[in-house]
Amino acid sequence: MKVFDAEYPLQNGYIHNWITAGPQAIEVTDLDRFRDDDFKLQIARHYYEKDPGIPDTPVDWEKFKIGDTEFTWCYYRCQDDHFIDLTKFYHTCHYLRSWAYTKLQVPIAQEATLALTTNGPADVWINGQHVHRQEHFHHQIPHTVQFQAALQEGQNEILVRFEEVAVRECPYVMALQITGLPDDGVLVLVPTQNEAIARRHNLEKAFDKAYVDRDVYRRNDEITVRWPDDMADTCTLAVRFQETTGPIYAEGWPTVKAGSSLGLLKGFQVPDGPFLITLMPTPDEYYVHNLRIKREIPIWVLRNTYSQAPYGTYEQRRHEALEDAARRELGVFSEIAKMALGRWGKVLLGPIQEAIDHVNRRADCSDFYLVGLLGMMHRYMNDPNFPEELKQPLEECVLNFRYWMDEPGEDAMCFWSENHQILFHACEILAGQLFPDRVFTNSGQTGQWHREKGERMAVSWLLKRGRGGFREWDSNCYFEEDILALSHLASLAESDQIAELAAVVLDKMLFTMAINSFQGVFGSTHGRTYSPMIKGARLEPTSGISRIAWGMGVFNQHIRGTVSLACAEEYEPPPIIPEIAATPLEEFWNRERHAGELEEWCDRETGSWEINKATYKTPDYMLASAQDYHPGEPGYQQHIWQATLSPDAVVFVTHPPCMSEEGSHRPNCWHGNVSLPRVAQWKDVLIAIYKLPENDWMGFTHAYFPIAAFDEHELRDGWAFARVGDGYLALTASRGIELAKRGDNAYRELRSYGEENIWLCHMGRAALDGSFEEFKEKILNLDVSFQGLSVQCDTLRGDHLAFGWEGPLLLNGEEQPITGFKHYENPYCETELGAEQMEIRFRDYLLRLHFTA
């Protein structure tokens, strides 16, 4: 076999071009062996091998075996974050190891400084000699270790083996930087079986320039790949539209040049779901001649129509939700929907058995599926049509489960977070109701004992949420899981106290969604979220819930909450809540404070937590934020602020740690922040101050700014302007902004480089600010002064704001509170934090919620 070297430059000293293999994923089934806080290190040392495990010199697309497992060397090209990124979620514990290989050509023999960045342990071999091992675990933000190594003149083989121990979310990256090298004569060499190196580089340039202009395609949208007007070369390549699991729906072999575009198909021609647009050489080059390079651009298709105005009755929408879930074939909740519709002949046993198996393994998120299985047993197991062969496996599954963290056993299940707590309590209550006199094998206790324990813990959880609110505030992902639990309890709990409290807290959650939503978009600040759920409303997990509740939103792939709410026939939202959601006010100003105490047994820490949030809404837009929330501290999945103009036109700013949007990065490219900003909002104006750590990995903050979603937009004089209908937005940053024109977020991303930065957002509307052109002129004529980490600015409403990294928000020279709010303070409701009663008023309606045991 002939081997050829594809040449690449270093990128700021980083190697961006590798061939990789793995991960080898070894399930750790005996977790009881590895205890204490350093269990990951114990596991890594248990599986560690001194030999790299690579039998032959690596070449692109060559195969090799380790034990019975076969691996293939695949080309990997790093993004702007320099990472080989193999991040993934593992529902059970696994030991992982992967390999990366390349060659480095240097003009002279010399010592060099290498900086290896990983989340877990790693080894480096140069020219077959082991030169470095680092042994650490840094879960979310990887750690860099520098070391010296000798490089020989000419080619140097570099092999990196990097490891991780996965328990649920598993960030898993590697980057290698080499410094101290000459300016000239240094090349990265990737070994390949294909000699057409110039053709390879031409393809990679064309891949790099290609872009799509949105993340989610609707039913009638044409899915089009584009190339920019400044593309220098022409290139013939293959473009495929395929599912992430492989099936191909469309393929073209265009010759592309500056300004080219390729329409593949329309949304209605494929099922809903995630897809890849794959750019690759022609099939003959790829499969016969082993020119194995490609780029995959991820997108979504959602064919369902989004409702921006209320329609139908609750009963009609409830039935519609079940019909939608039943046709999706998305696991056990699709089968539950079929049962609810009486379509027993279409019920598939496989997805139900898969859910049972998931729970029996005690995999993470078992509580999500067990509560569904328990609801199914309560509602349908006595139906003569219920499959007899499922009854025994279901019974054994329920009796053998671990219902709380104090029971025997070690596993990957997460008990401590707010949503998991109530799901486990709901499972324990419903299981105890089903089998009150049976002994549960894991605990040795009866079902009645479990029910009573679950009820005690559920009451505590419900009272805290009722009186103090949610630590995972307005979480568009975990509100779905809370509603999954609460709808089951409100409908099926035999205790009147539990059922009533669950219904009351569910009322409060839906009210919170209603006042913090715009046209069905739950565009609030969120305590936890994921990237697809904030880049527009079409993939929000709460979108189907709001569609059931008040007729705005869309049914999508998130069916656990919608199916559970639709099956809970005993519950219906009080009519005041859909009225509030459906009736826009000319001006709505809402401030909230949610707070509580942390408990070590469930929160893994002690102390208190608090969130102060603001929402300003008109018929044309909404602006929402978490005010002064832990500025400068490490972030996780918090979504601190957002402006909403429509279901697709949302704008927000984050501080990313990487380019990946994989949900196990927390934060990632779009959800969360490496370092939390300091934010203050006064109605239609928001100031967000970012103070990045020294030597920050990415070095920028960025705004999601989806140009294709706007009716009009313009970048002018340092401002980004957007219009949707009669709603307007203006956004600027003290360090300047630039539109990203390449990468997976091309024409949807505004970057601003700098460790100290201030983003300023103004909202406007035609009713107050005239035409879009008039709005832009007014913004450009406002007095704005940035000084380091402080800003003074005038507003469109004639006010003057001053705000900085420290000190108060000043409105016309007067201090304006940004913390210490009431629990709710808006035109519908004023409630003190900790109150045992909450009154909501609108028109002739009055809803009184009681949070008492």
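Let's start with a term: two residues are in contact when heavy atoms of theirs lie within 4.5 Å. Hi everyone, what you see above is a predicted model, where local features need pLDDT of at least 70, side-chain atom pairs count only at pLDDT 80 or more, and totals for chains, interfaces and linings use all residues. Residues are numbered from 1 along each chain as its sequence is written, and side-chain values use heavy atoms, leaving out hydrogens and water.

Let's look at Arg-161 together. You'll find Arg-161 in strand 12, residues 154-170 (a strand is a DSSP run of E, at least two residues, and a helix a run of H or I, at least four, numbered from the N terminus). Is Arg-161 buried or exposed? Its relative accessibility is 1%, so Arg-161 counts as buried (under 20% relative accessible area with a 1.4 Å probe, protein chains only; exposed is over 50%, partly exposed in between). Leaving aside residues up to four places away in sequence, Arg-161 touches several residues, among them Trp-99, Trp-125 and Asp-51. Its side chain reaches the backbone oxygen of Asp-51 at 2.8 Å.

Now on to helix 12. This helix runs over residues 496-515 and reaches 29 Å from first C-alpha to last, close to the 28 Å expected at 1.5 Å a residue (that is, 1.5 Å times one less than its number of residues). Of its 20 residues, 17 are buried.

Next, the largest nonpolar core, which has 106 residues (buried Ala, Val, Leu, Ile, Met, Phe, Trp, Tyr and Cys joined through side-chain atoms within 4.5 Å). Helix 12 gives the most to this core, 14 residues. Which residues touch the most other members? They are Phe-511 and Ile-840.

Terms used
A polar contact is a pair of N or O atoms within 3.5 Å; within protein, one must be able to donate a hydrogen and the other to accept it, and residues adjacent in sequence count only if both atoms are side-chain atoms.
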